[in-house]
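Let me put the structure up, and then we'll walk through some charged pairs.

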Amino acid sequence: LAAIVRRTVIYTAAILFAAVLIHRFHWLGGPYFQLPGTIQDHVWPTRFLSADAITLSRRAEPLLPRGATVTILAPSEAPHYDQTHWLTGLGLLPRQHVVPQKMTGPPETLPQYVIAIADPFPDPRYRLQARFPEGFLYARVP
Amino acid sequence: MTDVLGLLAWLLLPAIGIGVWRVSCVRPLPLTARLAIAMAAGSLLVALTMAAMSLLGIEWSRGKLLAVTILFIAAGATLVYRHREHVASVAVTAGPDRVAIAGIAVCLLLTFYGTITARESCGDLPFTWGPKAVRWVRAGGLDPGVLRTWPQLTVDYPPLHTLLLAFTNTVASRFPWWAAILAGPLFLVATLAVIRAFSGDDAGTLLAAATLAWTFALAYPAGCAEPPLLLFETIAICALTFLDDPRAQTFLAALGAACAVFTKLEGTTFAIAVVLTILLVQRNLRRAVLVAVPAAALFAAWMAFVFRNDLLYMYRGARLPIYWSALPVVIKTLGKVAAFQTWGLPWLVPLVLIALGNVRRAAVPLSIAALTLGATVYFYIHYPDPVWWIESSSPRVLLTPLLALVIAAIASWRKPAI
């Protein structure tokens, strides 16, 4: 009898955990049977800016010179930018020099390129270089 | 192509560690367990080799790492081939429970689905683990210069997982992000293989599979260090719990503890919990020393590197004051996270099974579960306001005591050896 009780407890728990797992996958949103663009696409029902940071890094990479200083930021968060965005660039732009989002100081100390997530980056020291579905690439005005 | 090569690099780990099959106490284990143990051994070998190359000033490259890899595989395979006499398997399964095995397969498929559709990706991979591995690869080795300028708290974090990521990056030429997260389910398969092979309990393994499948979805471990850490911990706990051969217990607990120490900060507290359990529950001083020595040696080597290069940061947390006033908040917040959105069922189910079974047979994993849970609380009371920290990290940290508890539930129903 004890063995039957044990099996019943385990099978019930397994069915319950599988059911809540499927429910969670559904709650995280679709598409459900399509390979996502980034590893962050479905970690939450609303899209994380980090997913856009990954996509934008990939899109901007061919346009960036080797060794150029670059940062990634979401203009809507100014002046307290999310540090994880430029840190994400550290891994995705290995041929460039990805730097923190320090946007104050003499022009020559600013990053040569800014990847702006979602919104435009209206800074007179930068000019728009490329527009992507997820954001923008700016280059520092010489 | 990058991710295919990256995945192949992860899949090479069991082949790289195949030499461990030569160890007499590993040879009689079922094939699935031997593959999982070889995966752990391969992980440690790769990490130690890459670290040693850096210390010797040998720059990493695809050619050099593949040459070393081939050397390990050839040497390991030769060792195993030369000592291939038939050994009776220690498998204790009475006959497969097909329903449970089907259930395990469903849990694994769900985890694979969740990972491949980016529903379980670790948030720390794109901005911590991944970039650090990429920077090491660009620097050609485990470069203290990269760590000295590292903009995060994890400068002195144990290097095994980052080195494995750097290994896959070197093999694939670019960082294989998808392969990095798919390593999560791969290590989960190995973890379940160890539990099933050592316990011979398909229904118990189903409980572990279902519990981990669900808690993985909330803990987001894919791409982070928890999946390998859980494999290493499982090898140690299951060896001490289910194996009758004293040499196998000692060897595999030592391997698991050493790998854990080199993987995560929490791996050190796990190793201490294992050693204390061997002393207090098994009352075996000799085994405790033998298990502690390799882990302590790896810890000492890493700390020597950290001190020599002035990188001490996170380990310094042990010197922080304890905020006893934060204890109620820590317990309340941890309790909320530990409920895993299912009223704490991942904990309650194994506790019920232990209560219905034989508690004494579960003493070893229960002790490890209690000690690692206690260590988790101890960590968090070092901050006056730890709520954010607990909410962001504890879903993953709690997987260790939870898994130990599930293994205790399996052990409590283990039939005594005839």
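This is a predicted model: local features need pLDDT of at least 70, side-chain atom pairs count only at pLDDT 80 or more; totals for chains, interfaces and linings use all residues.

Arg95(A) is partly exposed at 29% relative accessibility, while Glu61(A) is buried at 17%.

Staying in chain A, Arg59(A) pairs with Glu134(A), and here the N to O distance is 2.8 Å. That one links helix α2 to the loop between β4 and β5, across 75 residues. Arg59(A) comes out partly exposed, at 36%. And Glu134(A), buried or partly exposed? Buried, because its relative accessibility is 15% and the cut-off is under 20%.

Now over to chain B. Asp124(B) and Arg396(B) make a salt bridge at 3.1 Å between the closest N and O atoms. Asp124(B) is in helix α5 and Arg396(B) in helix α17, 272 residues apart. Asp124(B) is partly exposed at 26%, and Arg396(B) is buried at 12%. This pair belongs to a salt-bridge network that also takes in Glu226(B), Lys264(B) and Glu266(B). Over all chains, the whole structure has 16 salt bridges.

Thr400(B) is buried, with a relative accessible area of 10%. Beyond its sequence neighbours within four places, Thr400(B) contacts Leu229(B), Leu230(B), Glu233(B), Phe270(B) and Thr372(B).

That's my bit, happy to take questions.

Conventions. Residues are numbered from 1 along each chain as its sequence is written. Chains are lettered from A and ligands numbered from 1 in the order in which they are written. Side-chain values use heavy atoms; hydrogens and water are left out. Buried means under 20% relative accessible area, exposed over 50%, partly exposed in between (1.4 Å probe, protein chains only). Contact means heavy atoms within 4.5 Å. A salt bridge is a side-chain nitrogen of Lys or Arg within 4 Å of a carboxyl oxygen of Asp or Glu. Helices (H or I, at least four residues) and strands (E, at least two) are DSSP runs, numbered from the N terminus.
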